[in-house]
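Got your viewer open and your selection tool ready? Let's take a walk through this one, stop by stop.

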Amino acid sequence: MKKKLISTVLATMLLLSTTASAMAASFQVSTDKNVVNAGENVTVTVNLDKELTGNFRNVQGQLGYDTSRLTYVSHKMGSLYQHYMAKNMPSKKYFTFSNTDMSTAGFSSMPKGNVVTVVFQTSQNMSESHITAAFSLKLSVQDTAGHSEKSTSSASVVVCKSHTWDGGTVTTAPGCSSKGVKSYTCTYQGCGAVKTERIDETGHSYGNGYVCGTCGHVNEALKPDPTPTPDPTPTPDPTPTPDPTPTPDPTPSPEPTPTPEPTPTPDPAPTPEPTPTPDPTPTPDPTPTPDPAPTPDPTPTPDPTPTPCAHNWKAATCKAAKSCILCGATEGKALGHKAGTVKVTKKATMTKAGTKVQKCTRCNAVVKTIKIKPAKVALSKSSFVYNGKVIGSKKLPKVVVRDGSGKKIAAKYYTVTKPKNVKKMKAIGRYAYKITFKKNCKQYTGSKTVYLQITPAKTSMKSVKGAKKAVTVKWKKAAKMQTTGYQIMVATNSKFTKNKKTVSIKGYKNISKKVTKLKVKTKYYVKVRTYKTVKGVKIYSNWSKVKTVKTK
(Lines give C-alpha, C1' and ligand atoms only; values in the text may rest on other atoms or scores of the structure.)
Protein backbone atom coordinates (compact mmCIF):
# COMPACT_ATOMS: atom_id res chain seq x y z
CA MET A 1 0.00 0.00 0.00
CA LYS A 2 1.31 3.40 -0.83
CA LYS A 3 2.71 5.13 2.22
CA LYS A 4 1.43 8.49 3.28
CA LEU A 5 4.43 10.29 4.64
CA ILE A 6 4.11 13.71 6.14
CA SER A 7 7.63 14.25 7.35
CA THR A 8 10.17 16.99 7.82
CA VAL A 9 13.86 16.52 7.23
CA LEU A 10 16.14 16.85 10.25
CA ALA A 11 19.55 18.18 9.23
CA THR A 12 21.72 18.09 12.32
CA MET A 13 25.18 19.62 12.26
CA LEU A 14 27.12 18.09 15.12
CA LEU A 15 29.79 20.46 16.44
CA LEU A 16 32.71 18.21 17.29
CA SER A 17 36.33 18.84 18.24
CA THR A 18 38.65 20.73 15.93
CA THR A 19 39.90 17.47 14.42
CA ALA A 20 36.43 16.01 13.71
CA SER A 21 34.30 16.93 10.71
CA ALA A 22 30.63 17.88 11.03
CA MET A 23 28.21 15.34 9.53
CA ALA A 24 24.51 15.78 8.69
CA ALA A 25 21.80 13.10 8.80
CA SER A 26 18.03 12.94 8.46
CA PHE A 27 15.73 11.12 10.88
CA GLN A 28 12.35 10.39 9.25
CA VAL A 29 9.08 9.05 10.67
CA SER A 30 6.60 7.17 8.43
CA THR A 31 3.58 4.83 8.58
CA ASP A 32 3.12 1.51 6.76
CA LYS A 33 -0.42 2.43 5.62
CA ASN A 34 -2.29 5.54 4.51
CA VAL A 35 -5.68 4.26 5.69
CA VAL A 36 -6.71 1.64 8.29
CA ASN A 37 -10.08 0.46 9.61
CA ALA A 38 -11.01 1.18 13.22
CA GLY A 39 -9.44 -1.44 15.49
CA GLU A 40 -6.64 -2.37 13.05
CA ASN A 41 -2.93 -1.95 13.69
CA VAL A 42 -0.63 0.66 12.17
CA THR A 43 3.18 0.39 12.19
CA VAL A 44 5.27 3.54 12.64
CA THR A 45 8.96 3.52 11.68
CA VAL A 46 11.78 5.96 12.52
CA ASN A 47 14.72 5.72 10.11
CA LEU A 48 18.16 7.32 9.77
CA ASP A 49 18.85 7.96 6.08
CA LYS A 50 22.61 7.42 6.19
CA GLU A 51 25.36 6.31 8.54
CA LEU A 52 26.51 9.09 10.87
CA THR A 53 30.11 9.05 12.14
CA GLY A 54 31.83 11.26 14.71
CA ASN A 55 32.02 11.42 18.48
CA PHE A 56 28.52 11.11 19.97
CA ARG A 57 27.42 10.89 23.55
CA ASN A 58 23.67 10.80 23.49
CA VAL A 59 20.71 10.34 21.09
CA GLN A 60 17.22 10.66 22.56
CA GLY A 61 13.91 10.47 20.72
CA GLN A 62 10.26 10.81 21.70
CA LEU A 63 7.56 9.46 19.36
CA GLY A 64 4.35 11.19 20.43
CA TYR A 65 0.86 9.80 19.76
CA ASP A 66 -2.78 10.43 20.73
CA THR A 67 -3.65 8.02 23.56
CA SER A 68 -7.39 8.57 23.02
CA ARG A 69 -7.11 7.12 19.51
CA LEU A 70 -4.05 4.84 19.64
CA THR A 71 -2.82 2.11 22.00
CA TYR A 72 0.80 0.91 22.18
CA VAL A 73 1.09 -2.79 21.17
CA SER A 74 4.76 -3.68 20.60
CA HIS A 75 8.09 -2.37 19.33
CA LYS A 76 11.39 -3.48 17.80
CA MET A 77 14.59 -1.49 18.30
CA GLY A 78 17.35 -1.05 15.73
CA SER A 79 20.97 -1.84 16.50
CA LEU A 80 22.69 0.28 19.18
CA TYR A 81 19.41 1.80 20.39
CA GLN A 82 17.59 1.17 23.65
CA HIS A 83 13.95 1.53 24.68
CA TYR A 84 12.88 3.13 27.89
CA MET A 85 9.21 4.00 28.37
CA ALA A 86 9.26 5.48 31.87
CA LYS A 87 6.46 4.46 34.21
CA ASN A 88 5.97 8.03 35.35
CA MET A 89 5.20 9.35 31.86
CA PRO A 90 1.81 11.11 31.97
CA SER A 91 -0.59 8.64 30.33
CA LYS A 92 2.37 7.33 28.24
CA LYS A 93 1.68 9.92 25.55
CA TYR A 94 4.96 9.20 23.82
CA PHE A 95 7.30 6.30 23.13
CA THR A 96 10.94 7.05 23.96
CA PHE A 97 14.21 5.55 22.73
CA SER A 98 17.90 6.36 23.16
CA ASN A 99 21.51 5.55 22.36
CA THR A 100 23.54 6.85 25.28
CA ASP A 101 27.18 6.63 26.35
CA MET A 102 28.17 9.34 28.78
CA SER A 103 31.85 8.34 28.79
CA THR A 104 34.51 10.68 27.43
CA ALA A 105 35.02 8.51 24.33
CA GLY A 106 31.32 8.23 23.51
CA PHE A 107 30.44 6.21 20.42
CA SER A 108 31.81 6.76 16.92
CA SER A 109 28.90 5.95 14.63
CA MET A 110 25.14 5.64 14.25
CA PRO A 111 24.16 3.04 11.60
CA LYS A 112 21.94 3.87 8.65
CA GLY A 113 18.47 2.33 8.65
CA ASN A 114 15.89 1.40 11.23
CA VAL A 115 16.03 3.20 14.58
CA VAL A 116 12.77 1.87 16.01
CA THR A 117 9.52 0.29 14.74
CA VAL A 118 6.44 0.71 16.96
CA VAL A 119 3.06 -1.00 16.44
CA PHE A 120 -0.10 0.82 17.62
CA GLN A 121 -3.74 -0.35 17.63
CA THR A 122 -6.33 2.20 16.48
CA SER A 123 -9.43 2.83 18.58
CA GLN A 124 -12.69 1.02 17.80
CA ASN A 125 -14.77 3.44 19.89
CA MET A 126 -14.93 6.36 17.46
CA SER A 127 -17.83 8.78 17.38
CA GLU A 128 -16.80 10.08 13.94
CA SER A 129 -16.85 8.01 10.75
CA HIS A 130 -13.21 9.06 10.04
CA ILE A 131 -10.36 10.51 12.09
CA THR A 132 -6.74 11.39 11.37
CA ALA A 133 -4.28 9.96 13.88
CA ALA A 134 -0.98 11.87 14.02
CA PHE A 135 2.53 10.88 15.13
CA SER A 136 5.20 13.42 16.08
CA LEU A 137 8.94 12.81 16.51
CA LYS A 138 11.12 14.98 18.75
CA LEU A 139 14.81 14.14 18.50
CA SER A 140 17.96 15.37 20.23
CA VAL A 141 21.56 14.47 19.27
CA GLN A 142 24.46 15.42 21.60
CA ASP A 143 28.19 15.15 20.92
CA THR A 144 31.01 14.53 23.41
CA ALA A 145 31.72 18.25 23.53
CA GLY A 146 28.25 18.86 24.97
CA HIS A 147 26.75 20.43 21.84
CA SER A 148 23.24 19.27 20.91
CA GLU A 149 20.81 19.69 18.04
CA LYS A 150 17.03 19.20 18.16
CA SER A 151 14.56 18.50 15.39
CA THR A 152 10.99 17.35 14.77
CA SER A 153 9.20 15.21 12.19
CA SER A 154 5.62 13.97 11.79
CA ALA A 155 3.36 11.51 9.98
CA SER A 156 -0.33 10.56 10.09
CA VAL A 157 -2.84 7.87 9.12
CA VAL A 158 -6.57 8.04 8.33
CA VAL A 159 -8.70 5.75 10.55
CA CYS A 160 -12.11 4.72 9.13
CA LYS A 161 -15.03 3.45 11.20
CA SER A 162 -17.61 3.70 8.41
CA HIS A 163 -17.40 4.96 4.83
CA THR A 164 -19.44 7.58 2.98
CA TRP A 165 -19.85 6.15 -0.51
CA ASP A 166 -20.41 8.14 -3.70
CA GLY A 167 -23.09 7.34 -6.29
CA GLY A 168 -20.93 4.68 -7.88
CA THR A 169 -19.57 4.13 -11.39
CA VAL A 170 -20.28 1.20 -13.69
CA THR A 171 -16.84 -0.27 -14.38
CA THR A 172 -18.12 -3.35 -16.26
CA ALA A 173 -21.44 -3.10 -18.14
CA PRO A 174 -23.79 -6.10 -17.77
CA GLY A 175 -24.62 -8.22 -20.83
CA CYS A 176 -27.62 -10.33 -21.78
CA SER A 177 -26.22 -13.32 -19.87
CA SER A 178 -23.22 -11.86 -17.96
CA LYS A 179 -23.14 -9.77 -14.78
CA GLY A 180 -21.64 -6.31 -14.58
CA VAL A 181 -19.70 -4.50 -11.84
CA LYS A 182 -20.35 -1.16 -10.15
CA SER A 183 -17.65 0.49 -8.00
CA TYR A 184 -18.16 2.92 -5.11
CA THR A 185 -15.47 5.19 -3.62
CA CYS A 186 -15.41 6.71 -0.11
CA THR A 187 -15.76 10.50 -0.43
CA TYR A 188 -13.75 11.29 2.73
CA GLN A 189 -10.58 13.12 1.70
CA GLY A 190 -7.55 10.90 2.16
CA CYS A 191 -9.53 7.66 2.51
CA GLY A 192 -10.08 6.42 -1.05
CA ALA A 193 -11.54 3.03 -0.01
CA VAL A 194 -13.37 1.20 -2.82
CA LYS A 195 -16.15 -1.39 -2.72
CA THR A 196 -17.85 -3.19 -5.62
CA GLU A 197 -21.23 -4.81 -6.21
CA ARG A 198 -22.60 -7.03 -8.96
CA ILE A 199 -25.12 -5.82 -11.54
CA ASP A 200 -27.65 -8.44 -12.72
CA GLU A 201 -27.78 -9.61 -16.33
CA THR A 202 -30.08 -7.59 -18.60
CA GLY A 203 -31.60 -10.70 -20.20
CA HIS A 204 -32.28 -11.24 -23.92
CA SER A 205 -34.63 -8.92 -25.81
CA TYR A 206 -36.51 -10.86 -28.55
CA GLY A 207 -39.28 -8.34 -29.35
CA ASN A 208 -41.87 -10.10 -31.56
CA GLY A 209 -39.33 -12.50 -33.03
CA TYR A 210 -36.91 -15.13 -31.80
CA VAL A 211 -33.50 -13.41 -32.30
CA CYS A 212 -32.12 -11.16 -29.48
CA GLY A 213 -31.72 -7.64 -30.84
CA THR A 214 -28.74 -7.03 -28.50
CA CYS A 215 -26.47 -10.05 -28.88
CA GLY A 216 -28.08 -12.07 -31.73
CA HIS A 217 -28.93 -15.08 -29.60
CA VAL A 218 -31.50 -17.40 -31.27
CA ASN A 219 -34.28 -18.80 -29.07
CA GLU A 220 -35.21 -22.10 -30.72
CA ALA A 221 -38.33 -22.37 -28.52
CA LEU A 222 -39.78 -19.20 -30.12
CA LYS A 223 -38.69 -20.02 -33.69
CA PRO A 224 -41.89 -20.85 -35.84
CA ASP A 225 -42.22 -23.98 -38.03
CA PRO A 226 -41.91 -23.23 -41.84
CA THR A 227 -45.30 -22.79 -43.79
CA PRO A 228 -45.83 -25.64 -46.38
CA THR A 229 -46.09 -24.48 -50.08
CA PRO A 230 -49.63 -25.23 -51.55
CA ASP A 231 -49.98 -27.30 -54.77
CA PRO A 232 -50.28 -25.04 -57.89
CA THR A 233 -53.77 -24.56 -59.52
CA PRO A 234 -53.98 -26.91 -62.64
CA THR A 235 -54.08 -25.19 -66.10
CA PRO A 236 -57.56 -25.78 -67.78
CA ASP A 237 -57.65 -27.59 -71.15
CA PRO A 238 -58.11 -25.19 -74.21
CA THR A 239 -61.62 -24.88 -75.79
CA PRO A 240 -61.73 -27.14 -78.95
CA THR A 241 -62.02 -25.38 -82.36
CA PRO A 242 -65.53 -26.08 -83.93
CA ASP A 243 -65.62 -27.79 -87.36
CA PRO A 244 -66.30 -25.28 -90.28
CA THR A 245 -69.90 -24.99 -91.54
CA PRO A 246 -70.18 -27.13 -94.77
CA THR A 247 -70.81 -25.20 -98.07
CA PRO A 248 -74.35 -26.04 -99.40
CA ASP A 249 -74.62 -27.58 -102.83
CA PRO A 250 -75.76 -25.00 -105.56
CA THR A 251 -79.50 -25.03 -106.55
CA PRO A 252 -79.83 -27.02 -109.83
CA SER A 253 -81.06 -25.14 -112.98
CA PRO A 254 -84.59 -26.17 -114.01
CA GLU A 255 -85.06 -28.06 -117.20
CA PRO A 256 -86.07 -25.55 -120.13
CA THR A 257 -89.72 -25.58 -121.21
CA PRO A 258 -89.96 -27.26 -124.62
CA THR A 259 -90.66 -24.83 -127.47
CA PRO A 260 -94.19 -25.35 -128.94
CA GLU A 261 -94.58 -25.39 -132.44
CA PRO A 262 -94.23 -21.79 -133.45
CA THR A 263 -97.41 -20.00 -133.86
CA PRO A 264 -96.97 -17.45 -136.42
CA THR A 265 -98.44 -14.95 -134.19
CA PRO A 266 -96.69 -13.64 -131.32
CA ASP A 267 -93.07 -14.12 -130.90
CA PRO A 268 -92.26 -16.83 -128.54
CA ALA A 269 -91.80 -15.72 -124.92
CA PRO A 270 -88.12 -15.07 -124.13
CA THR A 271 -86.31 -17.77 -122.14
CA PRO A 272 -85.92 -16.51 -118.50
CA GLU A 273 -82.39 -15.97 -117.15
CA PRO A 274 -81.28 -18.93 -115.02
CA THR A 275 -81.26 -18.26 -111.28
CA PRO A 276 -77.71 -17.33 -110.27
CA THR A 277 -75.89 -19.77 -107.97
CA PRO A 278 -75.51 -18.13 -104.51
CA ASP A 279 -72.00 -17.66 -103.13
CA PRO A 280 -71.02 -20.36 -100.64
CA THR A 281 -71.33 -19.46 -96.97
CA PRO A 282 -67.83 -18.38 -95.82
CA THR A 283 -66.09 -20.69 -93.24
CA PRO A 284 -65.95 -18.82 -89.87
CA ASP A 285 -62.51 -18.29 -88.27
CA PRO A 286 -61.79 -20.85 -85.51
CA THR A 287 -62.31 -19.65 -81.92
CA PRO A 288 -58.82 -18.77 -80.49
CA THR A 289 -57.56 -20.93 -77.58
CA PRO A 290 -57.62 -18.81 -74.38
CA ASP A 291 -54.33 -18.32 -72.45
CA PRO A 292 -54.14 -20.56 -69.30
CA ALA A 293 -55.06 -18.83 -66.03
CA PRO A 294 -51.88 -17.81 -64.03
CA THR A 295 -51.06 -19.84 -60.88
CA PRO A 296 -51.90 -17.68 -57.84
CA ASP A 297 -49.15 -17.00 -55.21
CA PRO A 298 -49.52 -19.23 -52.11
CA THR A 299 -51.33 -17.59 -49.23
CA PRO A 300 -48.72 -16.95 -46.43
CA THR A 301 -49.25 -18.94 -43.23
CA PRO A 302 -49.84 -16.51 -40.31
CA ASP A 303 -47.50 -16.71 -37.27
CA PRO A 304 -48.98 -19.03 -34.70
CA THR A 305 -50.39 -17.31 -31.63
CA PRO A 306 -48.02 -18.27 -28.76
CA THR A 307 -49.65 -20.31 -26.09
CA PRO A 308 -48.98 -18.71 -22.65
CA CYS A 309 -46.84 -20.90 -20.32
CA ALA A 310 -48.47 -22.23 -17.20
CA HIS A 311 -45.30 -21.55 -15.20
CA ASN A 312 -44.00 -24.22 -12.89
CA TRP A 313 -41.67 -22.17 -10.70
CA LYS A 314 -38.47 -23.41 -9.10
CA ALA A 315 -37.60 -21.49 -5.92
CA ALA A 316 -34.68 -19.03 -5.95
CA THR A 317 -31.35 -20.16 -4.46
CA CYS A 318 -28.25 -18.35 -3.23
CA LYS A 319 -26.80 -18.28 -6.78
CA ALA A 320 -29.88 -18.43 -9.08
CA ALA A 321 -33.12 -16.42 -9.36
CA LYS A 322 -36.60 -17.99 -9.31
CA SER A 323 -37.09 -19.82 -12.64
CA CYS A 324 -39.74 -21.77 -14.61
CA ILE A 325 -38.72 -25.38 -15.28
CA LEU A 326 -40.98 -25.45 -18.41
CA CYS A 327 -39.92 -22.37 -20.37
CA GLY A 328 -36.83 -21.16 -18.54
CA ALA A 329 -38.28 -17.72 -17.67
CA THR A 330 -36.78 -16.06 -14.55
CA GLU A 331 -38.22 -13.69 -12.00
CA GLY A 332 -36.47 -11.58 -9.35
CA LYS A 333 -32.85 -12.02 -8.26
CA ALA A 334 -30.68 -14.68 -6.65
CA LEU A 335 -30.90 -14.64 -2.87
CA GLY A 336 -27.15 -14.40 -2.29
CA HIS A 337 -25.32 -16.08 0.55
CA LYS A 338 -26.38 -15.37 4.13
CA ALA A 339 -23.27 -15.41 6.28
CA GLY A 340 -23.51 -17.38 9.51
CA THR A 341 -21.25 -17.58 12.54
CA VAL A 342 -17.49 -18.03 12.21
CA LYS A 343 -16.14 -21.43 13.31
CA VAL A 344 -12.56 -22.52 13.89
CA THR A 345 -11.68 -25.51 11.69
CA LYS A 346 -7.98 -25.73 12.63
CA LYS A 347 -6.42 -24.15 15.70
CA ALA A 348 -3.19 -22.22 15.27
CA THR A 349 -0.05 -22.82 17.35
CA MET A 350 2.82 -20.53 18.29
CA THR A 351 4.63 -21.48 15.06
CA LYS A 352 1.93 -22.48 12.54
CA ALA A 353 -1.19 -20.69 11.28
CA GLY A 354 -4.72 -22.05 11.67
CA THR A 355 -8.01 -21.43 9.86
CA LYS A 356 -11.60 -20.52 10.57
CA VAL A 357 -14.52 -20.37 8.15
CA GLN A 358 -17.88 -18.65 7.79
CA LYS A 359 -20.64 -20.66 6.07
CA CYS A 360 -23.95 -19.68 4.40
CA THR A 361 -26.95 -20.51 6.59
CA ARG A 362 -29.01 -21.44 3.48
CA CYS A 363 -26.72 -23.66 1.39
CA ASN A 364 -23.87 -24.35 3.83
CA ALA A 365 -21.30 -23.14 1.28
CA VAL A 366 -18.11 -21.55 2.65
CA VAL A 367 -18.54 -17.78 2.32
CA LYS A 368 -15.23 -16.73 3.82
CA THR A 369 -12.00 -18.42 4.96
CA ILE A 370 -9.96 -16.56 7.57
CA LYS A 371 -6.32 -17.25 8.47
CA ILE A 372 -5.45 -17.41 12.17
CA LYS A 373 -1.91 -16.09 12.55
CA PRO A 374 0.44 -17.87 14.99
CA ALA A 375 0.48 -16.63 18.57
CA LYS A 376 3.52 -14.75 19.88
CA VAL A 377 5.12 -15.33 23.30
CA ALA A 378 7.74 -13.13 24.95
CA LEU A 379 9.12 -12.18 28.34
CA SER A 380 8.85 -8.58 29.46
CA LYS A 381 12.62 -8.78 30.01
CA SER A 382 14.72 -11.54 28.46
CA SER A 383 18.12 -11.12 30.16
CA PHE A 384 19.97 -9.88 33.27
CA VAL A 385 23.70 -9.27 33.66
CA TYR A 386 25.29 -11.41 36.39
CA ASN A 387 25.99 -9.45 39.59
CA GLY A 388 26.20 -12.28 42.12
CA LYS A 389 22.80 -11.44 43.58
CA VAL A 390 19.46 -13.24 43.36
CA ILE A 391 16.95 -11.59 41.01
CA GLY A 392 14.27 -10.10 43.25
CA SER A 393 10.68 -11.29 42.80
CA LYS A 394 9.64 -7.78 41.82
CA LYS A 395 12.19 -7.75 38.98
CA LEU A 396 11.30 -11.16 37.56
CA PRO A 397 9.92 -10.89 34.01
CA LYS A 398 6.28 -11.37 33.12
CA VAL A 399 5.04 -13.64 30.35
CA VAL A 400 3.18 -11.81 27.57
CA VAL A 401 1.11 -13.84 25.06
CA ARG A 402 -0.47 -12.12 22.05
CA ASP A 403 -2.58 -13.37 19.14
CA GLY A 404 -1.59 -12.94 15.52
CA SER A 405 -2.94 -9.38 15.40
CA GLY A 406 -0.96 -8.28 18.46
CA LYS A 407 -3.86 -8.36 20.96
CA LYS A 408 -3.10 -9.76 24.40
CA ILE A 409 -4.56 -13.20 25.17
CA ALA A 410 -6.05 -13.46 28.66
CA ALA A 411 -4.06 -15.56 31.16
CA LYS A 412 -7.08 -17.82 31.76
CA TYR A 413 -6.44 -19.43 28.35
CA TYR A 414 -2.89 -20.69 29.05
CA THR A 415 -0.62 -21.98 31.81
CA VAL A 416 2.96 -20.91 32.60
CA THR A 417 5.50 -23.37 33.99
CA LYS A 418 8.25 -21.29 35.59
CA PRO A 419 11.85 -22.36 36.27
CA LYS A 420 12.51 -24.35 39.45
CA ASN A 421 13.71 -22.22 42.38
CA VAL A 422 12.88 -19.13 40.37
CA LYS A 423 13.16 -17.01 43.53
CA LYS A 424 16.81 -18.11 43.97
CA MET A 425 18.07 -17.50 40.43
CA LYS A 426 21.45 -15.76 40.23
CA ALA A 427 23.89 -18.05 38.35
CA ILE A 428 24.82 -17.48 34.70
CA GLY A 429 22.66 -19.66 32.48
CA ARG A 430 19.27 -20.09 30.77
CA TYR A 431 16.00 -20.44 32.71
CA ALA A 432 13.00 -21.90 30.89
CA TYR A 433 9.41 -20.59 30.95
CA LYS A 434 7.00 -23.04 29.26
CA ILE A 435 3.67 -21.64 28.02
CA THR A 436 0.85 -24.11 27.19
CA PHE A 437 -2.59 -23.23 25.83
CA LYS A 438 -5.58 -24.69 27.66
CA LYS A 439 -8.44 -26.56 25.97
CA ASN A 440 -10.79 -23.62 26.60
CA CYS A 441 -8.74 -21.48 24.19
CA LYS A 442 -10.82 -21.47 21.01
CA GLN A 443 -8.19 -20.42 18.47
CA TYR A 444 -4.85 -21.72 19.74
CA THR A 445 -3.27 -24.97 20.92
CA GLY A 446 0.19 -26.32 21.74
CA SER A 447 3.07 -24.99 23.81
CA LYS A 448 6.34 -23.09 23.53
CA THR A 449 9.38 -22.50 25.74
CA VAL A 450 11.09 -19.12 26.08
CA TYR A 451 14.23 -18.45 28.08
CA LEU A 452 15.42 -15.89 30.60
CA GLN A 453 19.21 -15.53 30.48
CA ILE A 454 21.63 -14.38 33.13
CA THR A 455 24.65 -13.29 31.07
CA PRO A 456 28.28 -12.67 32.04
CA ALA A 457 29.50 -9.11 32.40
CA LYS A 458 30.98 -7.68 29.23
CA THR A 459 34.68 -6.96 28.78
CA SER A 460 36.37 -4.01 27.08
CA MET A 461 39.08 -3.73 24.42
CA LYS A 462 42.46 -2.37 25.47
CA SER A 463 43.84 -1.96 21.97
CA VAL A 464 43.55 -3.04 18.35
CA LYS A 465 46.46 -2.80 15.90
CA GLY A 466 46.69 -3.41 12.18
CA ALA A 467 49.14 -5.87 10.64
CA LYS A 468 49.63 -7.29 7.15
CA LYS A 469 46.24 -8.75 6.24
CA ALA A 470 45.54 -9.05 9.98
CA VAL A 471 44.61 -7.23 13.17
CA THR A 472 45.79 -7.90 16.75
CA VAL A 473 43.15 -7.40 19.46
CA LYS A 474 43.82 -7.09 23.21
CA TRP A 475 41.14 -6.96 25.91
CA LYS A 476 40.64 -6.88 29.65
CA LYS A 477 40.62 -10.28 31.37
CA ALA A 478 37.19 -11.28 32.73
CA ALA A 479 36.39 -13.02 36.02
CA LYS A 480 37.14 -16.75 36.07
CA MET A 481 33.76 -17.86 37.43
CA GLN A 482 31.94 -15.92 34.71
CA THR A 483 34.07 -16.85 31.72
CA THR A 484 34.73 -19.93 29.59
CA GLY A 485 36.21 -17.91 26.73
CA TYR A 486 35.93 -14.92 24.40
CA GLN A 487 34.58 -14.17 20.93
CA ILE A 488 35.93 -11.55 18.49
CA MET A 489 34.02 -10.23 15.47
CA VAL A 490 35.49 -8.13 12.66
CA ALA A 491 33.80 -6.70 9.55
CA THR A 492 34.26 -3.96 6.95
CA ASN A 493 31.09 -2.07 7.92
CA SER A 494 29.65 -0.86 11.23
CA LYS A 495 26.65 -3.18 10.96
CA PHE A 496 28.99 -6.18 10.83
CA THR A 497 27.33 -7.61 7.72
CA LYS A 498 30.14 -7.23 5.12
CA ASN A 499 33.22 -9.48 5.12
CA LYS A 500 32.32 -10.57 8.63
CA LYS A 501 34.63 -12.96 10.48
CA THR A 502 34.17 -14.45 13.95
CA VAL A 503 36.88 -16.03 16.08
CA SER A 504 36.41 -17.85 19.43
CA ILE A 505 39.14 -18.10 22.09
CA LYS A 506 38.91 -20.65 24.92
CA GLY A 507 40.13 -19.89 28.44
CA TYR A 508 39.53 -16.85 30.57
CA LYS A 509 43.28 -16.10 30.87
CA ASN A 510 43.75 -15.41 27.15
CA ILE A 511 43.55 -11.66 26.58
CA SER A 512 44.87 -11.20 23.03
CA LYS A 513 44.37 -12.70 19.58
CA LYS A 514 45.65 -12.08 16.05
CA VAL A 515 42.88 -12.35 13.45
CA THR A 516 44.40 -13.28 10.08
CA LYS A 517 43.42 -13.76 6.43
CA LEU A 518 41.82 -10.33 6.15
CA LYS A 519 41.81 -7.89 3.22
CA VAL A 520 44.90 -5.79 2.64
CA LYS A 521 44.83 -2.04 3.48
CA THR A 522 41.19 -2.16 4.51
CA LYS A 523 39.35 -0.47 7.36
CA TYR A 524 37.84 -2.98 9.81
CA TYR A 525 35.36 -2.60 12.68
CA VAL A 526 36.18 -4.74 15.72
CA LYS A 527 34.29 -5.81 18.87
CA VAL A 528 34.71 -8.50 21.54
CA ARG A 529 32.54 -10.28 24.14
CA THR A 530 32.81 -13.04 26.75
CA TYR A 531 30.90 -16.32 27.01
CA LYS A 532 30.29 -19.05 29.53
CA THR A 533 29.25 -22.59 28.59
CA VAL A 534 26.41 -23.91 30.77
CA LYS A 535 25.05 -27.43 30.13
CA GLY A 536 26.46 -27.37 26.62
CA VAL A 537 24.96 -23.95 25.75
CA LYS A 538 27.09 -20.82 25.30
CA ILE A 539 25.75 -17.79 27.19
CA TYR A 540 27.20 -14.58 25.70
CA SER A 541 27.74 -11.19 27.30
CA ASN A 542 26.93 -7.92 25.56
CA TRP A 543 29.49 -6.72 22.99
CA SER A 544 32.20 -4.24 23.90
CA LYS A 545 32.40 -0.84 22.29
CA VAL A 546 33.35 -0.91 18.60
CA LYS A 547 36.84 0.16 17.55
CA THR A 548 38.24 0.62 14.04
CA VAL A 549 41.63 -0.28 12.56
CA LYS A 550 43.21 -0.50 9.12
CA THR A 551 45.15 -3.53 7.92
CA LYS A 552 48.53 -3.20 6.21
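This is a predicted model: local features need pLDDT of at least 70, side-chain atom pairs count only at pLDDT 80 or more; totals for chains, interfaces and linings use all residues.

Which residue in β19 is the bridge partner of Lys 343? Select Lys 343 and look across to β19: the partner is Val 357. Residues are numbered from 1 along each chain as its sequence is written, and side-chain values use heavy atoms, with hydrogens and water left out.

**Stop 1**

Select residues 339-346, which make up β18, and then 354-360, which make up β19. Strands like these are DSSP runs (E, at least two residues), numbered from the N terminus; helices are runs of H or I, at least four residues. β18 and β19 pair in the antiparallel sense over 5 bridges; two strands count as paired if DSSP finds at least two bridges between them.

You have an open sheet of 3 strands in the order β18-β19-β20, with antiparallel pairing. Turn the view and look for the twist: the average is 25 degrees from one strand to the next (axes are lines fitted to C-alpha atoms, for helices over the stretch in contact, and angles run from 0 to 180 degrees between N-to-C directions).

**Stop 2: the loop between β18 and β19**

Click on Ala 348, which is found in the loop between β18 and β19. Is Ala 348 buried or exposed? Ala 348 is buried, with a relative accessible area of 0%. The cut-offs are these: buried means under 20% relative accessible area, exposed over 50%, and partly exposed in between (1.4 Å probe, protein chains only).

Show what surrounds Ala 348. Leaving out residues up to four places away in sequence, Ala 348 touches Ala 353, Gly 354, Ile 372, Lys 373, Gln 443, Tyr 444 and Thr 445; contact means heavy atoms within 4.5 Å. Then try a distance: the C-alpha atoms of Ala 348 and Lys 442 are 9.6 Å apart, while 94 residues separate the two along the chain.

**Stop 3: charged pairs**

Side chains of opposite charge can pair when their charged atoms come close. The whole structure has 4 salt bridges (a side-chain nitrogen of Lys or Arg within 4 Å of a carboxyl oxygen of Asp or Glu).

Select Lys 179 and Glu 201, whose side chains meet in a salt bridge at 3.6 Å, N to O. Lys 179 is in the loop between β12 and β13 and Glu 201 in the loop between β14 and β15, so the pair ties together parts that are 22 residues apart in sequence. Lys 179 is partly exposed at 36%, and Glu 201 is partly exposed at 37%.

Next, pick Lys 333 and Asp 200, another salt bridge, with the closest N and O atoms 3.9 Å apart. This pair links distant parts of the chain, 133 residues apart. Lys 333 is exposed, with a relative accessible area of 61%, whereas Asp 200 is partly exposed at 28%. Show Lys 179, Asp 200, Glu 201 and Lys 333 together and you'll see a network of salt bridges.

**Stop 4: rings**

How many aromatic pairs does a search of the whole structure find? There are 5. Rings of Phe, Tyr and Trp (its six-membered ring) pair if their centres lie within 6.5 Å; planes under 30 degrees apart count as stacked, over 60 as edge-to-face and the rest as tilted.

Select Tyr 65 and Phe 120: the ring centres are 4.5 Å apart and the planes are at 50 degrees, so the pair is tilted. Tyr 65 lies in β4 and Phe 120 in β9, so the pair ties together parts 55 residues apart in sequence. Both Tyr 65 and Phe 120 are buried.

**Last stop: Thr 530**

Finish in strand β32 (residues 523-534), where you'll find Thr 530. Thr 530 counts as buried, at 0% relative accessibility. A polar atom of the Thr 530 side chain lies 3.2 Å from the backbone oxygen of Ala 457.

Technical notes: A polar contact is a pair of N or O atoms within 3.5 Å; within protein, one must be able to donate a hydrogen and the other to accept it, and residues adjacent in sequence count only if both atoms are side-chain atoms.
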